[in-house]
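This report describes a ligand site and the aromatic ring pairs of one protein model. The sequence and structure are shown first.

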Amino acid sequence: MQTLILRMGPDWTTADESRKALDQAVAILRGGGTVALPTETVYGLAANALDPQAVAKIFTAKQRPTWDPLIVHVSDPDMFATVVAEVPEEAKQLIAAFWPGPLTLLLPRSAIIPDEVTAGRPLVAVRMPAHPVALELIRRAGIPLAAPSANRFGHTSPTTAAHVLDDLEGRIDAVLDAGPTAFGVESTVLDPCQSPMIVYRPGAVTLEQIRAVAGPAEFFIAPASAQQPAALPSPGVGLRHYAPRAELVQVDLANGSAAQLHERAAQFPSQRVGIMLPSGLLNSPSPWPPGPWPPGTEIFDWGPWADPEELAHRLFAGLRHLDARGCQVILCPVPPEQGIGAAIRDRLRKASFPDSGSSEEG
Ligand code: TXA
Ligand code: MG
């Protein structure tokens with residue numbers, strides 16, 4: 001299969017080039033095909049959520065196990081109403097506050113949602129993305145779109161169309177290129193039907209923001225005994241994913257100093273080391289490169305340590321960059337837990353699990 005690259009013009013929704021790209025994407029989706037599309041978080045791999053055969057193509061392209069359910073993307077309240085059976089009060093408040101935006105809600109599904117989308121579960125994950133191209137595409141297609149992140153199963157999520165092609169070229173019908181995504185980490189996944197509400201995946205909408213709008217909410221705490229991901233309430237909370245090919249080593253910079261990074265960098269003398277290097281750390285070698293890093297060390301300029309939104313935005317691009325430079329080990333400082341920092345920590349923790357060959361999220 002040849003993957004069509006559909007480029008959006010600079011004026012996303014109105015210019016001729018954009019209109020043509022959107023028309024082609026709509027035709028593919030309505031014909032049961034797969035299109036990678038930009039959202040405000042990461043690129044997603046979309047297909048008609050109401051067509052089990054189209055949905056099956058997503059799982060095949062990503063090599064994703066069929067027990068890991070997909071998020072359904074909607075463009076407006078009317079479409080939303082067709083995919084859910086019931087909406088609790090907390091969910092209504094959250095929707096009013098955060099949609100369109102990076103918040104995915106687990107809600108009782110309506111009869112039109114096939115088992116293939118929810119892996120047979122009673123709840124469907126739904127969100128209204130805040131990217132004008134995604135919204136326009138869904139609106140024009142007139143169908144809800146199932147879309148996981150557009151990467152190979154277990155791999156780092158794509159924040160550009162080039163990342164999508166690295167993983168999926170030849171395996172999907174098209175990619176709609178509208179430049180890099182804004183947030184860089186995936187949406188927050190929340191079950192508002194429980195009390196307190198449960199966050200299964202931290203994201204750009206933070207626990208603090210959710211509590212302020214709709215009341216008590218907690219992060220999911222994984223059971224102490226190991227469980228098959230398929231048996232977890234949200235399979236993505238489990239083992240290794242978002243992973244680069246290199247071994248990812250988390251480094252605690254408790255005192256905001258670069259010293260620990262320097263120490264760790266010297267501990268892998270026979271391997272090619274890459275560093276996700278934030279700016280604004282104390283005692284950073286200056287100027288760098290070529291600072292006092294061991295010879296051959298690859299540096300990725302991660303962005304200001306004091307700006308976690310920027311760190312989130314550049315996280316996956318940095319991991320992919322260091323992979324592409326042939327790094328075998330990537331050292332990455334762990335940001336503080338507050339706000340979107342929780343999402344960055346979650347992705348780093350899951351990406352640094354040893355590769356047991358059983359990663360479970362795509
Ligand atoms: O930002 C995002 O959410 C991106 C963009 C493309 O929208 N999508 C994304 O999808 O990250 P994916 O499939 O890579 O991650 C979806 C997560 C997985 O952890 C999955 O296990 C969980 O949501 N999930 C999906 N449907 C669920 C359901 N019905 N019940 C519980 N968890 C569900
Ligand atoms: Mg994913």
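**Burial classes and the model**

A residue is termed buried when its relative accessible area is under 20% and exposed when that area is over 50%, with partly exposed in between. The structure discussed here is a predicted model. By this scale F220, with a relative accessible area of 23%, is partly exposed.

**The site of ligand 1**

The shell around ligand 1 contains 26 residues, of which T41, D68, H73, S187 and S234 come nearest. By class, the shell residues comprise 12 nonpolar, eight polar and six charged.

Several side chains place polar atoms close to ligand oxygens. In T41, an N or O atom of the side chain is 2.7 Å from an oxygen atom of ligand 1. For R201, a polar side-chain atom lies 2.9 Å from an oxygen atom of the ligand, and for R127 the corresponding distance to an oxygen atom of ligand 1 is 3.0 Å. On its own, ligand 1 has 680 Å² of accessible area, and the protein covers 99% of it. Two or more residues of the shell are supplied by each of β4 (71–73) and β6 (123–127). The largest share, three residues, comes from β6.

**Aromatic pairs: F80 and W99**

A pair of aromatic rings is described by the distance of the centres and the angle of the planes. The model has three aromatic pairs. In one of them, the ring centres of F80 and W99 are 5.1 Å apart; the planes stand at 85°, so the arrangement is edge-to-face, a class that requires an angle over 60 degrees. This pair links distant parts of the chain, 19 residues apart: F80 belongs to helix α3 (residues 77–83), whereas W99 sits in the loop between α4 (89–98) and β5 (103–108).

Both partners fall below the burial limit of 20%. F80 has a relative accessibility of 9% and therefore counts as buried, and W99 is buried at 10%.

**Aromatic pairs: Y200 and F220**

The rings of Y200 and F220 also form a pair, with centres 5.1 Å apart. Their planes meet at 50°, so this pair is tilted. Y200 lies in strand β10 (residues 197–201) and F220 in the loop between β11 (217–219) and β12 (247–251), so the contact ties together parts that are 20 residues apart in sequence.

Technical notes: Residues are numbered from 1 along each chain as its sequence is written. Chains are lettered from A and ligands numbered from 1 in the order in which they are written. This is a predicted model: local features need pLDDT of at least 70, side-chain atom pairs count only at pLDDT 80 or more; totals for chains, interfaces and linings use all residues. Side-chain values use heavy atoms; hydrogens and water are left out. A residue is near a molecule or strand if one of its heavy atoms lies within 4 Å of it. A polar contact is a pair of N or O atoms within 3.5 Å; within protein, one must be able to donate a hydrogen and the other to accept it, and residues adjacent in sequence count only if both atoms are side-chain atoms. Accessible areas come from the Shrake-Rupley method with a 1.4 Å probe; for residues, only the protein chains shown count as cover. Helices (H or I, at least four residues) and strands (E, at least two) are DSSP runs, numbered from the N terminus. Ala, Val, Leu, Ile, Met, Phe, Trp, Tyr, Cys and Pro count as nonpolar, Asp, Glu, Lys and Arg as charged, and the others, Gly among them, as polar. Rings of Phe, Tyr and Trp (its six-membered ring) pair if their centres lie within 6.5 Å; planes under 30 degrees apart count as stacked, over 60 as edge-to-face and the rest as tilted. Buried means under 20% relative accessible area, exposed over 50%, partly exposed in between (1.4 Å probe, protein chains only).
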